[in-house]
Amino acid sequence: MDHFDYRDGVLYAEQVPLTRIADEVGTPCYVYSRATLTRHFRAYAEALGGHPHLICYAVKANSNLAVLDLLARLGAGFDIVSVGELERVLAAGGDPAKVVFSGVAKQEAEMARALDVGIKCFNVESRPELERLSRVAERLGTVAPVSLRVNPDVDAGTHPYISTGLKENKFGIPVDEALAVYELAATLPGVKVVGLDCHIGSQLTELAPFLDALDRLLLLLERLRERGIEVEHLDLGGGLGVPYRDERPPQPFDYAASLLERLARWEGGERLTLLFEPGRSIAANAGVLLTRVEYLKPGESKNFAIVDAGMNDLIRPSLYQAWQAILPADTRPVRESAIYDVVGPVCETGDFLGKDRPLAIAEGDLLAVRSAGAYGFVMASNYNSRPRPAEVMVDAGRYQIVRQRETLSDLWAGESRLLDDDAEGE
Ligand code: LLP
């Protein structure tokens, strides 16, 4: 459930009409709802009840400082994949002791910084990474807490670009090799085994793949136990899907209940701390992208609604053919309805936000692209020299700009003209 609703024909974020934000802040503009983020985070926390757990929000989904600040205040930990994300978490007041570090290409300097601030755990994705981490930790006179990210080879039944737990994916250590790598870890001086980790994909709409993965991880834990290797936590990654259209993904409550039920049948399961790395299920439906109709361009085979946000602002429709609802922010004016492709200003045929959408709109109208709180702004670029949008956080009847719209001169900040003044071509 979220806090974007129509009241008397006008779309609101909590108690603020989106038309007001667009008028005052301009478009395109991302708008997040604090109450929705809070609700989604708490759904996880409450679902896990008294079982020891830590919810490490996946920073990649939406890394705005205000979002991180809010989640840190709610008690979240964080799943990071770069030193940039680590610094964001710290800048937002997050607790480094609740940070887990995922990612296949961790560099030495990133490892060193993470060790320096004392993160909770490194989710190690390969044997050479484990060896490198041990060397870096030893050099710094410390010991790195590690989990191995294993690839359980389960089909998450999701889009090929966002499925990560299959053999052919680059992520994690194949479950059959994991035992040997754990044995190696036990002998390396710079690392200490604390956990076991997996992440099988994103936008999962069924529980079965999660439960299959859990079963495979528990089998591995038993084999580790036989070899005297015990872990404190089991990290099941992120991946719970959200309704974009008519999907009915399981709620955190059902997800947690099924996991806890399996774990209860496993010896020592009640002591095993559970970690989760949800991104989308916390942020996606807590945000919208506001965009204004610049032109309506009727055609023989297609009508186009050309809007001021493009694939550089929200790339999910272009990149994954993702469907996100597009709604008029004010339905009171009487308009003729037609079927439109909602397209952006970028010079690419693939620049669209939605196709074949029935909309009753006119030039100048405001549209809200829903479910844009995750993998929205974070994937925005400056392609076509377009400044990235502003970001706004609504809290009940107020709002705050939590990131200013980029200015035109921001576009070439850090660039320079040539140093010499030679004329060319003479
Ligand atoms: N943990 C790890 C190690 C991950 O790789 C991811 C996402 C997450 C957690 C969070 O997963 P979530 O709960 O958000 O499903 N850009 C794509 C999604 C890419 C997800 C990558 N990994 C999209 O817009 O659909």
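Leaving aside its neighbours within four places in sequence, lysine 60 is in contact with Val81, Glu85, Gly279 and Val378, where contact means that the C-beta atoms, placed from the backbone, lie within 7 Å. Please keep in mind that this is a predicted model, in which local features need pLDDT of at least 70 and side-chain atom pairs count only at pLDDT 80 or more, while totals for chains, interfaces and linings use all residues. Residues are numbered from 1 along each chain as its sequence is written.

Staying with lysine 60, the residue is found in the loop between strand 5 (53–58) and helix 3 (65–73); helices (H or I, at least four residues) and strands (E, at least two) are DSSP runs, numbered from the N terminus. Lysine 60 counts as buried because 21 other C-beta atoms lie within 10 Å, the cut-off for buried being 20 or more. The unreviewed UniProt entry annotates Lys60 as "modified residue: N6-(pyridoxal phosphate)lysine", and such annotations may be inferred rather than shown by experiment.

Turning to the domains, the assignment, which is automatic or from a database, gives domain 1 (4–31 + 284–412) and domain 2 (103–276). Their centres, taken over C-alpha atoms, are separated by 36 Å, and the contact takes 7 residues from domain 1 and 5 residues from domain 2.

Finally, 3 strands form an open antiparallel sheet in the order 1-2-3, with strands counted as paired if DSSP finds at least two bridges between them. Strand 1 (4–7) and strand 3 (16–17) stand at the edges with a single partner strand each, so one side of each is left without a neighbour in the sheet. Strand 2 (residues 10–13) is joined to strand 3 by 2 bridges, and tyrosine 12 has proline 17 in strand 3 as its bridge partner.

How values were computed:
Contact = placed C-beta atoms within 7 Å. Buried ≥ 20, exposed ≤ 12 C-beta atoms within 10 Å, placed from the backbone.
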